Amino acid sequence: MNKIQIHLMLIGWLLIALTNGTAYGTETGPDERIAEAVKAVRQVGARGQGHDQAVRAMQVLNAATADQIPIILEGMDDANQLVVNWLRSAVVRIAGDGSKLPRDEIRAYFDDRQRADLGRLLAFDLLTENDAELRDKLIPTLIDDPSLPLRYKAIANLIKESGQANEQQAIGMLGFALEKA
């Protein structure tokens with residue numbers, strides 16, 4: 001490499017560093033930066049559309065704190081599958097760092113049946129991962145849930161329980177499960 005190429009490469013790296021540091025409004029608060037990053041990820045589409053911006057946005061999301069998880073969950077609403085996958089990976093990474101989760105806000109998202117199916121499933125998983133009592137309490141309430149992944153948890157639970165019932169009860173339970181499926 002000659003000196004000109006090296007200088008051009010260094011200038012390019014400097015521009016990238018400056019862009020990454022300011023792309024999502026460092027002059028705004030942390031929640032606004034997260035919301036802006038979610039908005040950038042939501043632009044991901046087929047054939048790599050929005051990919052470069054999403055990669056930069058994921059740097060911001062991966063640095064988010066547990067109390068910002070609800071902002072990311074909201075980004076899943078009405079999003080395409082690619083966007084949901086990107087945002088889910090950020091939430092899983094954040095939740096996996098051992099920080100205390102904002103359980104009330106996550107529960108509010110989960111309880112809102114108008115929210116995204118996969119976002120609500122992720123919220124359910126976050127809430128019940130280390131709380132078997134809550135999981136056992138919530139699952140029966142999901143039998144009529146509009147979110148199929150959540151409803152299937154309740155149906156699977158009902159089928160499992162039917163194995164411990166007498167024959168007549170089991171037939172009724174399985175019929176009910178089939179109706180709800």
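## Helix α6 and its buried side

Helix α6 spans residues 103-111, and its residues Ile106, Tyr109 and Phe110 are buried. These three cover an arc of only 100° around the axis, which places them on the same side of α6. An α-helix has 3.6 residues a turn, so residues three or four places apart point the same way. The model described here is predicted.

What do the buried residues of α6 pack against? Their partners are four helices: α4 (69-74), α7 (117-128), α8 (132-138) and α9 (148-162).

Asp77 sits in the loop between α4 and α5 (81-95). Is Asp77 buried or exposed? Its relative accessibility is 14%, so Asp77 counts as buried. The cut-off for buried is under 20%.

## The α7 and α9 pair

Helices α7 and α9 also meet each other. Their axes come within 8 Å and cross at roughly 50°. That angle makes α7 oblique to α9.

Which residues form the meeting? From α7 come Asp117, Leu118, Arg120, Leu121, Phe124 and Asp125. From α9 come Leu148, Pro149, Leu150 and Lys153.

Asp145 lies in the loop between α8 and α9. Its relative accessible area is 0%, so Asp145 is buried.

The side chain of Asp145 makes a polar contact of 2.6 Å with that of Arg120. Neighbours within four places in sequence aside, Asp145 is in contact with Arg113, Arg120, Leu150 and Arg151.

## The α2 and α3 pair

Helix α2 covers residues 30-41, and its axis comes within 8 Å of that of α3. The two axes cross at roughly 150°. The two helices are therefore roughly antiparallel to each other. The cut-off for that class is over 145 degrees. The crossing of α2 past α3 is left-handed.

Which residues make the contact? On α2 they are Arg33, Ile34, Ala37, Val38, Ala40 and Val41. On α3 they are Gln53, Ala54, Ala57, Met58, Val60 and Leu61.

## His51 in α3

His51 belongs to helix α3, which runs over residues 51-62. With a relative accessible area of 37%, His51 is partly exposed.

Thr65 is found in the loop between α3 and α4. At 39% relative accessibility, Thr65 counts as partly exposed.

The side chains of Thr65 and Asp67 are joined by a polar contact of 2.2 Å. Thr65 also has a C-alpha to C-alpha distance of 9.5 Å to Val91. In sequence, Thr65 and Val91 are 26 residues apart.

Key:
Residues numbered from 1 in each chain as written. Predicted model: local features only at pLDDT ≥ 70, side-chain atom pairs only at ≥ 80, totals over all residues. Heavy atoms only, no water. Buried < 20%, exposed > 50% of the residue type's maximum accessible area, 1.4 Å probe, protein only. Arc of directions from axis to C-beta. Contact = heavy atoms within 4.5 Å. Polar contact = N/O pair within 3.5 Å; in protein donor to acceptor, adjacent residues only side chain to side chain. Axes fitted to C-alpha atoms, helices over the stretch in contact; angles between N-to-C directions. Parallel < 35°, antiparallel > 145°, perpendicular 65-115°, else oblique. Left-handed = near helix turned anticlockwise from the far one by under 90°.
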